[in-house]
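Q: Please take a close look at one part of this structure, the place where two chains touch, and describe the chain on one side of it.

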Amino acid sequence: MAIITISRGSYSKGREVAEKVAQRMGYQVVSRDVLLEASEKFHISEVKLVRAIHDAPSVLERFTHGKYCYLAFIRAALTERAVKDDLVYHGLAGHLLLKGVPHVLKVRIIADLEARVAAEMKRENLTQSQARSLLLKDDAERRKWTQSLYGADPWDASLYDLVIHINQLTVDDAVDFIVQAAGRECFKTTVEAQQKIQDLALACRVKASLAEDECVDIAVTSEFGNVMVYTKQDDRRAHRLEEKLKPLAKGLPEINHLELRAGQPFPPEAC
Amino acid sequence: MPLIIVSADDFKQGDEISQKVAGTLGYRYLGRDLLHYVATENQVSEEELARALDEAPGLLTRRARRQRLLGLIEAACLNVLLDDSVVCFGLAAHMYVRAVSHALKVRIINEPEQRAEALAEAEGLSVDKARKQVMRQTKDERRWSEETYNLDQTDASLYDMVISLGTLELDKAVEIISDTVGYRKFQPMTYSRKLMQDKALAAAVRRELMGQFPEIRVEANDGTVVVFIQSLKKDQRKKQELVRQIAGGLPGVRHVEVHIIRDLVGQAAQSSR
């Protein structure tokens, strides 16, 4: 089975597509629930998490690391869900939050601005210019968010396996394509792919726990439960971090071995 | 039956997919072979036509000449696309059949990293160098379309779908395209056929006039052709007459309207003499 991420703009019918795909394939559909889970698990208000996944970090936040922590919590919650497989995630940056997992089908749903404006006008009872300016602002914010955190433009088609334009093609057509594509051999959950997502979930869990403990600017990798925590700080300053790792290694039974690598550059596959 | 217009960031893959789709559906394949016909018909070199399609204009590019070459290709291509059941690739048709509802527009892309690896292997470059080359190619591709059609051809919203060959195989892309074209929404309707005929007529008129009027814009509606040209006030009448004479003689043209856009630069140059 597979994991499907659907990236969408507001009023692009991406939610509808995601729900129908999930229904057709008998998968669970996840979006806002990830935020609720993260909110409960890490005792952060959902509003803060919603802002973390929507608004680009301000200059101040780049120093306070607020968004960095919230994002680590959201990613930990999402990867934990993804371990259970058979998942359709729709929302912001799913393709980036699950980066490196081989059996993820990454889809983007787009729609013409005029159609989106009309949908927003109808739903929110706004004038055309109000709806248009809100949508453009929202698009700009999403763009800024992804660019500031991942250095990628969500509008860049090369980030996805499939981009479907809802205009001539309908929601049902999009569902057909996605279901068809998800059935391909390359998106089947192999033993290796399952191991990858388990490792990513573990790494994200470790990172979130450390973020909760105010340890930021770290990167974590895991391979078969062997966890590496990377920090750019030198050995002396990394001592504090090492102290925090000890109880963590005992608290998470999935960890086989936990090691700190100080003063080293972060590997690209690290979360 | 519908038209399929394919655009791709890798020429070889786009060509292969288009030919396979044409083979699967029994459609006619329209590709770069058209350039040979255009070259012979208009006494221009085939290489020059290919360059106009492939290279973004540089500082030394003769822009009017380039526009004319692209105009020749566009007119010839649209003339073929008046027929149904055609798969078209490599002629920039996705830029000029926009809004034609019976044309399924598909873009085929690769992950930049995979493109870089393939390029490094094919040309014996380091991955770093290949990566830079891929970035430059993407930038050039974008610049080509922006300078020619004022649109970014890498923008997904220009297409009905974008398929990445990063994980989906080439044959899967062929299958998806072949399946999609059967959808009711892509069947030719009276309105979409008329739109195509109008586009083809406008392109044919532009082709005939571009030699004399490089900055020309042409619109067509049901045999009525509206031509926008630049002119100084004193030449206005003569030019209008010339346009009417040339355009009026073309098959399918019933009425010609000529609108003059003031040539402000020319006017200023003349008055300063």
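A: Strands pair if DSSP finds at least two bridges between them. Strands (E, at least two residues) and helices (H or I, at least four) are DSSP runs, numbered from the N terminus. Within this pairing, Leu162(A) stands opposite Ile163(B) in S5(B).

This is a predicted model, in which local features need pLDDT of at least 70 and side-chain atom pairs count only at pLDDT 80 or more, while totals for chains, interfaces and linings use all residues. Residues are numbered from 1 along each chain as its sequence is written, and chains are lettered from A and ligands numbered from 1 in the order in which they are written.

As for chain B as a whole, it has 11 helices and 8 strands. Its radius of gyration, taken over C-alpha atoms, is 21 Å, close to the 19 Å that the globule rule (2.2 Å times the number of residues to the power 0.38) gives for 273 residues, so chain B is as compact as a globular protein of that length. Its C-alpha atoms fill a box of roughly 60 × 45 × 35 Å, taken along the principal axes.
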